[in-house]
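Welcome, and thanks for taking a look. Here is a short briefing to read alongside the model.

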Amino acid sequence: MKEFTNRAGEDKNKAGLLPEDARWLVDLQNKGVRTAGLTNNGRKGGAGPSDDAAFRFGEDTFMLPAFNDPAEHSPYEIVKQEDGYSLQYEGKTLMYIDPVARPKFYDRSTSEGIPYQKIAALHGSDVLASTVIQSCIRWSPKDRCKFCAIGHSLDAGSTVAKKSPQQLAEVVQAAEELDGIKQITLTTGTPNETDRGALHLAACVEAIRKVSSLPIQVQCEPPSDERLYQILKDAGANTIGLHVESFDERVRREMMPSKSSISLDNYFDAFSKAVSVFGRNQVSTYVILGMGEDPDLTLEGCRRAAGMGVYPFVVPLRPLRGTMLEHAQPPSSAYMEQMYGKVAVFLSDAGLSAAGSAAGCAKCGACSALSSFEKAIV
Ligand code: SF4
């Protein structure tokens, strides 16, 4: 275990993460933190990474696993002290951090009485995120992606099945006014095999554009009709996320029995079409590490994607409660460090960066340590 930078004596509001801290951020994002109920601003269930909470490290914000199995047994703990919240490793204070406060817009409801929190959530400290269609044709015991929890938040009643464009526009306005959000991420479950949710995403973006000029990322499976990229762009989306999840076909078939019917070739074809519409650095793909993938195939996929202008947003597997990988182990920190370091070089060679992305996961970066490795190269 690396010795940590002890920042406890520094001004906790100014001490952000330095590039050399990236190594232990990796460990923290893999193992998570015990919070003993200190934060009520977490995500549970839903699409994408979840079971986590947002913490400010000076000027940086990261999402740390806080409610999954690894977090329950983590050597890291957040402890409330007289002068703030300390992050401790096996009882030793490493630095002070601040849980991101519950946003004010969570206290409001639509005219139909639906709490805004069921329509969109705060990610990190300034991203408004929503799963516009919460159901997915692949959500069956046989077909569902093993890492995904999209059906659970619907079952738990913490969200609504389909958000209307008007509801989203209303929540965006409130979150911008009350909480100063800076960007918007709209994702979707897959409702069909044709537009794959892109048409509803476009309608949502169009409605948001009437009330806000904030940058927006849309995320969906590659639609079969390539004209939909232009339709999304014309609606006002700034970036698009096409999430391949893994660059190893064997792992894709095992972890995504249904979604893997969209092959890697299909994804690379989609990347090229999306970049021709959105531009380099404005297309990203999610790459989950720690599912048994071949590192060489993974790195080759990341290198090829980056060369095409697509930002490969690599993240460690987050074993979520209620998923088929609930009891899986996250990848080792040594593996993640090595992969982050190499992908950061590909990004630099291709002239891509988190900062150069207008919106979405690459821009936010809170679920990954990749942008910290980018900074270490510069
Ligand atoms: S990286 Fe993506 S999923 Fe993670 S907090 Fe940011 S917007 Fe949400």
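A residue counts as buried when its relative accessible area is under 20%. Please keep in mind that this is a predicted model. The protein chain holds 12 helices and 13 strands, and buried residues account for 59% of its 378 residues.

**Overall form**
- A compact globule of 378 residues would have a radius of gyration near 21 Å, and the 19 Å of the protein chain agrees with that.
- The C-alpha trace spans about 55 × 50 × 40 Å along its principal axes.
- Among contacts with a separation of 6 or more, 72% join residues 24 or more positions apart.

**Surface and charge**

**Two loop residues worth a look**
- Most residues other than glycine have a negative phi.
- Arg 196 has a positive phi, near 55°, and sits in the loop between strand 9 (183-187) and helix 5 (198-209).
- Because its relative accessibility is 9%, Arg 196 counts as buried.
- Asn 281 also has a positive phi, of about 75°, although it is not a glycine; its place is the loop that runs between helix 8 (264-278) and strand 12 (283-289).
- Asn 281 is buried too, with a relative accessible area of 8%.

Definitions and conventions
Residues numbered from 1 in each chain as written. Predicted model: local features only at pLDDT ≥ 70, side-chain atom pairs only at ≥ 80, totals over all residues. Heavy atoms only, no water. Helix = DSSP H or I, 4+ residues; strand = E, 2+ residues; numbered from the N terminus. Rg over C-alpha atoms; globule rule 2.2 N^0.38 Å. Buried < 20%, exposed > 50% of the residue type's maximum accessible area, 1.4 Å probe, protein only. Contact = heavy atoms within 4.5 Å.
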